[in-house]
Amino acid sequence: MAGSRIEVRVQCFGPARRLAGDEWLSVQLGEPATVADALAALAQRGDEFAALLRQCAVALGDEIVRRTHPLAAGDELALLPPVAGG
């Protein structure tokens, strides 16, 4: 139903967890909502967190999803920061 609100939970790993200050965050979004909408809401937490979000992959369940992927109430996303190594 257009105009209603949904809650999405977001699990943070690595530097995303450090910047978020918690392992899990919740965001309230208007429907219809996408992964990009959830990231935009999270970006309000600060410039450093917003910059990291632009580099993160996002998973829904076991699947990496695009920022255009639609969200439903109760979805749980995972922020996957880039990994460096050699």
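Is Ser 26 buried, partly exposed or exposed, and what is its relative accessible area? The model is predicted: local features need pLDDT of at least 70, side-chain atom pairs count only at pLDDT 80 or more, and totals for chains, interfaces and linings use all residues. Residues are numbered from 1 along each chain as its sequence is written, and side-chain values use heavy atoms, with hydrogens and water left out.

**View 1. Ser 26 and the residues it touches.** Ser 26 is partly exposed, with a relative accessible area of 44% (buried means under 20%, exposed over 50%, partly exposed in between, with a 1.4 Å probe and protein chains only). Leaving aside residues up to four places away in sequence, Ser 26 touches Glu 7, Val 8 and Arg 9 (contact means heavy atoms within 4.5 Å). The side chains of Ser 26 and Glu 7 are joined by a polar contact of 3.1 Å (a pair of N or O atoms within 3.5 Å; within protein, one must be able to donate a hydrogen and the other to accept it, and residues adjacent in sequence count only if both atoms are side-chain atoms).

**View 2. The two faces of strand E2.** Here is the strand that holds Ser 26 (strands, E, have at least two residues and helices, H or I, at least four; both are DSSP runs numbered from the N terminus). In E2, residues 24-30, Leu 25, Val 27 and Leu 29 make up the covered face, while Trp 24, Ser 26, Gln 28 and Gly 30 lie on the uncovered one. Over the ring of Trp 24 sits the charged end of Arg 9, 4.0 Å from the ring centre (this requires NZ of Lys or CZ of Arg within 6 Å of the centre and within 35 degrees of the ring normal).

**View 3. Strand E1 and its partners.** Strand E1 (residues 5-12) runs antiparallel to E2, with seven bridges joining them, and Val 10 stands opposite Leu 25. Towards strand E7 (residues 76-80) the pairing of E1 is parallel, through four bridges, and there Gln 11 faces Ala 78.

**View 4. The open sheet.** Five strands line up in the order E2-E1-E7-E4-E5, with mixed pairing (two strands pair if DSSP finds at least two bridges between them). E2 and strand E5 (63-65) stand at the edges with a single partner strand each, so one side of each has no neighbour in the sheet.
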